[in-house]
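Take a look at the model first, then try each task before reading its solution.

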Amino acid sequence: MKSCSGGNAVVIGGGYIGMECAASLVINKISVTMVFPEAHCMARLFTPKIANYYEEYYKSKGVNFVKGTVLSSFEIDTDGKVTAVILKDGTHLPADMVVVGIGIRPNTSLFEGQLTLEKGGIKVNGKLQSSNSSVYAVGDVAAFPVKLFGEIRRLEHVDSARKSARHAVAVIMEPVKAGEYDYLPFFYSRVFALSWQFYGDNAGEVIHFGDFSGSTFGAYWVHKGHLVGSFLEGGTKEEYETIAKATRLKPAIEDIAELERRGLGFALAISQKPPESTVAAIPQPDFALQKTIYPWHATAGVLVAASVAAFAYWYGRRRHKRW
(Lines give C-alpha, C1' and ligand atoms only; values in the text may rest on other atoms or scores of the structure.)
Protein backbone atom coordinates (compact mmCIF):
# COMPACT_ATOMS: atom_id res chain seq x y z
CA MET A 1 0.00 0.00 0.00
CA LYS A 2 2.85 2.38 0.80
CA SER A 3 4.34 1.84 -2.67
CA CYS A 4 0.97 2.52 -4.35
CA SER A 5 -0.13 5.65 -2.50
CA GLY A 6 -2.12 7.82 -4.90
CA GLY A 7 -2.48 4.91 -7.34
CA ASN A 8 -5.28 2.51 -8.32
CA ALA A 9 -6.19 -0.75 -6.62
CA VAL A 10 -8.62 -3.38 -7.86
CA VAL A 11 -10.19 -5.58 -5.19
CA ILE A 12 -11.59 -8.87 -6.49
CA GLY A 13 -14.32 -10.17 -4.18
CA GLY A 14 -17.10 -8.53 -2.17
CA GLY A 15 -16.91 -10.51 1.06
CA TYR A 16 -15.01 -9.93 4.32
CA ILE A 17 -11.55 -9.69 2.75
CA GLY A 18 -12.73 -7.45 -0.05
CA MET A 19 -14.69 -5.05 2.13
CA GLU A 20 -12.07 -4.73 4.85
CA CYS A 21 -9.15 -4.40 2.42
CA ALA A 22 -11.02 -1.79 0.38
CA ALA A 23 -11.54 0.33 3.49
CA SER A 24 -7.85 0.11 4.43
CA LEU A 25 -6.77 1.00 0.90
CA VAL A 26 -8.98 4.11 0.84
CA ILE A 27 -7.65 5.21 4.23
CA ASN A 28 -4.16 4.93 2.69
CA LYS A 29 -5.17 7.28 -0.16
CA ILE A 30 -5.53 4.66 -2.88
CA SER A 31 -8.38 4.72 -5.41
CA VAL A 32 -10.37 1.48 -5.16
CA THR A 33 -12.59 -0.46 -7.54
CA MET A 34 -14.33 -3.55 -6.16
CA VAL A 35 -15.32 -6.37 -8.52
CA PHE A 36 -17.61 -9.28 -7.61
CA PRO A 37 -20.19 -11.48 -9.37
CA GLU A 38 -23.02 -11.11 -6.86
CA ALA A 39 -25.76 -8.47 -6.94
CA HIS A 40 -24.45 -6.83 -3.75
CA CYS A 41 -21.58 -6.99 -1.27
CA MET A 42 -21.42 -9.60 1.54
CA ALA A 43 -24.03 -11.64 -0.31
CA ARG A 44 -23.72 -14.66 2.01
CA LEU A 45 -24.85 -12.59 5.00
CA PHE A 46 -26.24 -9.17 4.10
CA THR A 47 -29.75 -8.55 2.83
CA PRO A 48 -30.00 -6.19 -0.17
CA LYS A 49 -31.17 -3.41 2.17
CA ILE A 50 -28.25 -3.83 4.57
CA ALA A 51 -25.77 -4.17 1.70
CA ASN A 52 -27.06 -0.98 0.08
CA TYR A 53 -26.27 0.98 3.23
CA TYR A 54 -22.63 -0.13 3.21
CA GLU A 55 -22.20 0.26 -0.53
CA GLU A 56 -23.50 3.83 -0.39
CA TYR A 57 -21.15 4.57 2.50
CA TYR A 58 -18.21 3.12 0.54
CA LYS A 59 -19.19 5.16 -2.52
CA SER A 60 -19.12 8.30 -0.36
CA LYS A 61 -15.49 7.40 0.39
CA GLY A 62 -14.69 7.10 -3.32
CA VAL A 63 -15.00 3.32 -3.83
CA ASN A 64 -16.32 2.20 -7.23
CA PHE A 65 -18.35 -1.02 -7.55
CA VAL A 66 -18.43 -3.31 -10.58
CA LYS A 67 -20.98 -6.10 -9.99
CA GLY A 68 -22.16 -9.14 -11.90
CA THR A 69 -18.83 -10.03 -13.47
CA VAL A 70 -15.51 -11.67 -12.62
CA LEU A 71 -11.80 -11.40 -13.32
CA SER A 72 -10.70 -12.76 -16.67
CA SER A 73 -6.99 -11.85 -16.87
CA PHE A 74 -4.23 -9.43 -15.92
CA GLU A 75 -2.17 -7.12 -18.09
CA ILE A 76 1.46 -7.28 -17.02
CA ASP A 77 4.39 -5.08 -18.08
CA THR A 78 7.89 -6.25 -19.00
CA ASP A 79 8.94 -6.12 -15.35
CA GLY A 80 6.19 -8.56 -14.41
CA LYS A 81 4.10 -5.90 -12.66
CA VAL A 82 0.30 -5.82 -13.03
CA THR A 83 -0.85 -2.73 -14.89
CA ALA A 84 -4.51 -3.58 -15.52
CA VAL A 85 -7.31 -6.05 -14.80
CA ILE A 86 -9.47 -7.40 -17.61
CA LEU A 87 -12.95 -8.52 -16.59
CA LYS A 88 -15.10 -11.19 -18.20
CA ASP A 89 -17.48 -8.55 -19.57
CA GLY A 90 -14.54 -6.86 -21.31
CA THR A 91 -14.07 -4.01 -18.82
CA HIS A 92 -10.48 -2.74 -18.59
CA LEU A 93 -9.43 -1.45 -15.14
CA PRO A 94 -6.01 0.25 -14.67
CA ALA A 95 -4.27 -1.16 -11.61
CA ASP A 96 -1.12 -0.52 -9.61
CA MET A 97 -2.17 -3.13 -7.09
CA VAL A 98 -4.62 -6.07 -7.01
CA VAL A 99 -6.16 -7.80 -4.01
CA VAL A 100 -7.82 -11.14 -4.67
CA GLY A 101 -10.12 -12.04 -1.77
CA ILE A 102 -12.46 -14.72 -3.08
CA GLY A 103 -12.67 -17.15 -0.18
CA ILE A 104 -11.08 -20.50 0.59
CA ARG A 105 -11.69 -24.22 0.41
CA PRO A 106 -10.32 -26.25 3.32
CA ASN A 107 -7.49 -28.52 2.22
CA THR A 108 -8.76 -31.89 3.47
CA SER A 109 -7.05 -34.08 0.88
CA LEU A 110 -4.52 -35.32 3.42
CA PHE A 111 -7.32 -36.87 5.49
CA GLU A 112 -9.43 -38.50 2.76
CA GLY A 113 -9.95 -42.15 3.59
CA GLN A 114 -8.66 -41.59 7.13
CA LEU A 115 -11.15 -39.20 8.76
CA THR A 116 -14.86 -38.63 8.19
CA LEU A 117 -15.44 -35.49 6.10
CA GLU A 118 -18.61 -33.37 5.96
CA LYS A 119 -19.64 -29.88 4.81
CA GLY A 120 -16.29 -29.54 3.05
CA GLY A 121 -14.36 -30.03 6.28
CA ILE A 122 -13.44 -32.57 8.96
CA LYS A 123 -16.46 -33.79 10.89
CA VAL A 124 -16.02 -33.57 14.67
CA ASN A 125 -18.17 -34.23 17.73
CA GLY A 126 -19.04 -31.85 20.57
CA LYS A 127 -15.55 -32.28 21.98
CA LEU A 128 -14.02 -31.39 18.59
CA GLN A 129 -12.74 -34.94 18.10
CA SER A 130 -12.72 -36.37 14.60
CA SER A 131 -13.68 -39.95 13.71
CA ASN A 132 -10.24 -40.78 15.08
CA SER A 133 -10.69 -39.67 18.71
CA SER A 134 -7.00 -38.77 19.03
CA VAL A 135 -7.29 -36.26 16.17
CA TYR A 136 -8.95 -32.89 16.85
CA ALA A 137 -10.02 -30.28 14.30
CA VAL A 138 -10.67 -26.58 14.96
CA GLY A 139 -11.33 -23.40 13.02
CA ASP A 140 -12.39 -23.15 9.38
CA VAL A 141 -11.65 -26.82 8.66
CA ALA A 142 -13.90 -28.22 11.43
CA ALA A 143 -17.51 -29.23 10.75
CA PHE A 144 -18.96 -29.30 14.26
CA PRO A 145 -22.42 -29.65 15.86
CA VAL A 146 -24.07 -26.29 16.57
CA LYS A 147 -26.33 -27.07 19.53
CA LEU A 148 -28.57 -24.06 18.96
CA PHE A 149 -29.66 -25.35 15.55
CA GLY A 150 -29.18 -29.07 16.05
CA GLU A 151 -27.03 -29.54 12.97
CA ILE A 152 -23.47 -29.72 11.71
CA ARG A 153 -21.96 -26.41 10.56
CA ARG A 154 -18.57 -25.29 9.27
CA LEU A 155 -17.83 -21.64 10.04
CA GLU A 156 -15.15 -19.42 8.55
CA HIS A 157 -14.40 -16.69 11.07
CA VAL A 158 -11.66 -15.79 13.51
CA ASP A 159 -13.97 -15.91 16.56
CA SER A 160 -14.91 -19.52 15.87
CA ALA A 161 -11.27 -20.42 15.19
CA ARG A 162 -10.10 -18.95 18.50
CA LYS A 163 -12.88 -20.38 20.67
CA SER A 164 -12.82 -23.86 19.12
CA ALA A 165 -9.04 -24.01 19.63
CA ARG A 166 -9.38 -23.06 23.29
CA HIS A 167 -12.10 -25.67 23.78
CA ALA A 168 -10.07 -28.42 22.13
CA VAL A 169 -7.16 -27.69 24.48
CA ALA A 170 -9.55 -27.73 27.47
CA VAL A 171 -10.94 -31.11 26.36
CA ILE A 172 -7.44 -32.57 26.02
CA MET A 173 -6.36 -31.25 29.43
CA GLU A 174 -9.60 -31.87 31.36
CA PRO A 175 -11.96 -34.02 29.27
CA VAL A 176 -14.69 -34.43 31.90
CA LYS A 177 -14.76 -30.83 33.09
CA ALA A 178 -14.64 -29.27 29.61
CA GLY A 179 -17.98 -30.65 28.40
CA GLU A 180 -19.22 -30.14 24.83
CA TYR A 181 -18.57 -27.16 22.59
CA ASP A 182 -21.62 -24.87 22.66
CA TYR A 183 -20.94 -22.09 20.18
CA LEU A 184 -23.25 -19.29 19.07
CA PRO A 185 -22.27 -18.40 15.47
CA PHE A 186 -20.82 -14.90 15.54
CA PHE A 187 -19.49 -12.58 12.83
CA TYR A 188 -18.32 -8.99 13.05
CA SER A 189 -16.46 -6.32 11.14
CA ARG A 190 -15.13 -2.82 11.73
CA VAL A 191 -14.49 -0.58 8.72
CA PHE A 192 -14.10 3.18 8.55
CA ALA A 193 -16.35 4.50 11.36
CA LEU A 194 -18.71 1.54 11.04
CA SER A 195 -18.99 -1.50 13.27
CA TRP A 196 -21.47 -4.37 13.04
CA GLN A 197 -22.08 -7.70 14.73
CA PHE A 198 -24.20 -10.70 13.73
CA TYR A 199 -25.28 -13.68 15.83
CA GLY A 200 -27.03 -16.91 14.91
CA ASP A 201 -28.32 -17.83 11.47
CA ASN A 202 -29.57 -15.71 8.55
CA ALA A 203 -32.36 -18.15 7.66
CA GLY A 204 -36.07 -17.51 7.23
CA GLU A 205 -37.87 -14.17 7.07
CA VAL A 206 -35.86 -11.02 7.71
CA ILE A 207 -37.24 -8.06 9.69
CA HIS A 208 -35.29 -4.80 9.46
CA PHE A 209 -35.45 -2.17 12.19
CA GLY A 210 -33.90 1.16 13.09
CA ASP A 211 -32.90 4.18 11.04
CA PHE A 212 -31.09 3.22 7.84
CA SER A 213 -30.47 6.90 7.14
CA GLY A 214 -28.66 7.20 10.46
CA SER A 215 -25.96 5.24 12.22
CA THR A 216 -27.83 2.56 14.18
CA PHE A 217 -30.01 -0.11 12.58
CA GLY A 218 -30.38 -3.86 12.49
CA ALA A 219 -32.30 -6.93 11.47
CA TYR A 220 -33.80 -10.09 12.91
CA TRP A 221 -34.24 -13.42 11.15
CA VAL A 222 -37.29 -15.50 12.05
CA HIS A 223 -37.42 -19.17 11.07
CA LYS A 224 -40.22 -21.61 11.95
CA GLY A 225 -41.72 -19.15 14.39
CA HIS A 226 -38.53 -18.43 16.33
CA LEU A 227 -35.88 -15.74 16.33
CA VAL A 228 -32.72 -17.39 14.96
CA GLY A 229 -30.48 -14.49 13.91
CA SER A 230 -29.72 -10.89 14.86
CA PHE A 231 -27.68 -8.14 13.18
CA LEU A 232 -26.81 -4.72 14.58
CA GLU A 233 -24.81 -1.81 13.20
CA GLY A 234 -23.60 1.01 15.43
CA GLY A 235 -24.49 -0.63 18.75
CA THR A 236 -22.89 -0.25 22.16
CA LYS A 237 -21.12 -3.14 23.91
CA GLU A 238 -24.24 -3.69 26.02
CA GLU A 239 -26.53 -3.67 22.97
CA TYR A 240 -24.39 -6.24 21.17
CA GLU A 241 -24.47 -8.44 24.26
CA THR A 242 -28.26 -8.02 24.33
CA ILE A 243 -28.84 -9.26 20.79
CA ALA A 244 -26.45 -12.16 21.41
CA LYS A 245 -28.40 -13.27 24.48
CA ALA A 246 -31.76 -12.86 22.73
CA THR A 247 -30.54 -14.96 19.78
CA ARG A 248 -29.31 -17.75 22.02
CA LEU A 249 -32.73 -17.85 23.76
CA LYS A 250 -34.51 -18.40 20.39
CA PRO A 251 -37.76 -16.77 21.57
CA ALA A 252 -41.03 -17.56 19.82
CA ILE A 253 -42.22 -14.76 17.51
CA GLU A 254 -45.98 -14.41 17.16
CA ASP A 255 -46.28 -10.93 15.65
CA ILE A 256 -43.78 -9.91 12.97
CA ALA A 257 -45.11 -6.34 12.80
CA GLU A 258 -44.68 -5.94 16.55
CA LEU A 259 -41.13 -7.26 16.32
CA GLU A 260 -40.34 -4.67 13.65
CA ARG A 261 -41.95 -1.90 15.71
CA ARG A 262 -40.03 -2.73 18.88
CA GLY A 263 -36.72 -3.27 17.11
CA LEU A 264 -33.76 -3.39 19.46
CA GLY A 265 -36.19 -2.97 22.37
CA PHE A 266 -37.45 -6.50 21.76
CA ALA A 267 -34.01 -8.02 22.32
CA LEU A 268 -33.53 -5.87 25.41
CA ALA A 269 -36.84 -7.03 26.91
CA ILE A 270 -36.19 -10.70 26.11
CA SER A 271 -32.65 -10.65 27.50
CA GLN A 272 -33.83 -9.10 30.79
CA LYS A 273 -36.82 -11.40 31.23
CA PRO A 274 -36.30 -13.94 34.02
CA PRO A 275 -36.07 -17.47 32.61
CA GLU A 276 -39.26 -19.45 32.95
CA SER A 277 -39.17 -22.21 35.56
CA THR A 278 -38.88 -25.63 33.99
CA VAL A 279 -38.84 -27.65 37.21
CA ALA A 280 -42.30 -29.09 36.60
CA ALA A 281 -41.35 -30.21 33.10
CA ILE A 282 -38.16 -31.99 34.10
CA PRO A 283 -38.48 -35.47 35.67
CA GLN A 284 -36.92 -35.37 39.12
CA PRO A 285 -35.13 -38.31 40.73
CA ASP A 286 -36.72 -39.90 43.84
CA PHE A 287 -34.26 -38.26 46.20
CA ALA A 288 -35.42 -34.82 45.07
CA LEU A 289 -38.98 -35.61 46.10
CA GLN A 290 -37.84 -37.11 49.36
CA LYS A 291 -36.16 -33.88 50.35
CA THR A 292 -39.53 -32.17 50.20
CA ILE A 293 -41.64 -34.98 51.72
CA TYR A 294 -39.44 -36.05 54.64
CA PRO A 295 -39.97 -32.92 56.79
CA TRP A 296 -43.74 -33.49 56.62
CA HIS A 297 -43.29 -37.14 57.54
CA ALA A 298 -41.20 -36.16 60.54
CA THR A 299 -43.70 -33.55 61.70
CA ALA A 300 -46.63 -35.96 61.36
CA GLY A 301 -44.69 -38.65 63.24
CA VAL A 302 -43.96 -36.33 66.15
CA LEU A 303 -47.61 -35.29 66.39
CA VAL A 304 -48.83 -38.89 66.35
CA ALA A 305 -46.26 -39.94 68.97
CA ALA A 306 -47.20 -36.99 71.21
CA SER A 307 -50.90 -37.83 70.88
CA VAL A 308 -50.33 -41.48 71.80
CA ALA A 309 -48.22 -40.49 74.79
CA ALA A 310 -50.82 -37.99 76.01
CA PHE A 311 -53.59 -40.55 75.65
CA ALA A 312 -51.59 -43.18 77.54
CA TYR A 313 -50.85 -40.73 80.34
CA TRP A 314 -54.51 -39.70 80.62
CA TYR A 315 -55.75 -43.30 80.53
CA GLY A 316 -53.19 -44.39 83.15
CA ARG A 317 -54.21 -41.66 85.60
CA ARG A 318 -57.87 -42.49 85.06
CA ARG A 319 -57.36 -46.16 85.86
CA HIS A 320 -55.23 -45.26 88.88
CA LYS A 321 -58.06 -43.09 90.33
CA ARG A 322 -60.63 -45.89 89.79
CA TRP A 323 -58.44 -48.38 91.67
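**Exercise 1.** Between which domains does the largest cavity lie, and why?

*Solution.* Start with the ground rules. This is a predicted model, where local features need pLDDT of at least 70, side-chain atom pairs count only at pLDDT 80 or more, and totals for chains, interfaces and linings use all residues. Residues are numbered from 1 along each chain as its sequence is written, and side-chain values use heavy atoms, with hydrogens and water left out.

Step 1: a cavity is a set of points, on a 1 Å grid over the protein atoms alone, where a 1.4 Å probe fits but cannot get out, and lining residues have an atom within 4 Å of a point; a pocket is an open set with protein on both sides within 12 Å along at least five of seven lines.

Step 2: the lining of the largest cavity includes Tyr16, Met42 and Trp196.

Step 3: domain 1 (8-100) and domain 3 (186-272), with bounds from an automatic or database domain assignment, both give residues to this lining, so the largest cavity lies between them.

**Exercise 2.** Which element gives the most to the lining of the largest cavity?

*Solution.* Helices (H or I, at least four residues) and strands (E, at least two) are DSSP runs, numbered from the N terminus. The answer is α1, with three residues.

**Exercise 3.** What is the volume of the largest pocket?

*Solution.* A volume is the space filled by probe spheres set on the points, which are joined across faces, edges and corners. For the largest pocket, this comes to about 1100 Å³. Among the residues closest to its centre are Gly15 and Arg44.
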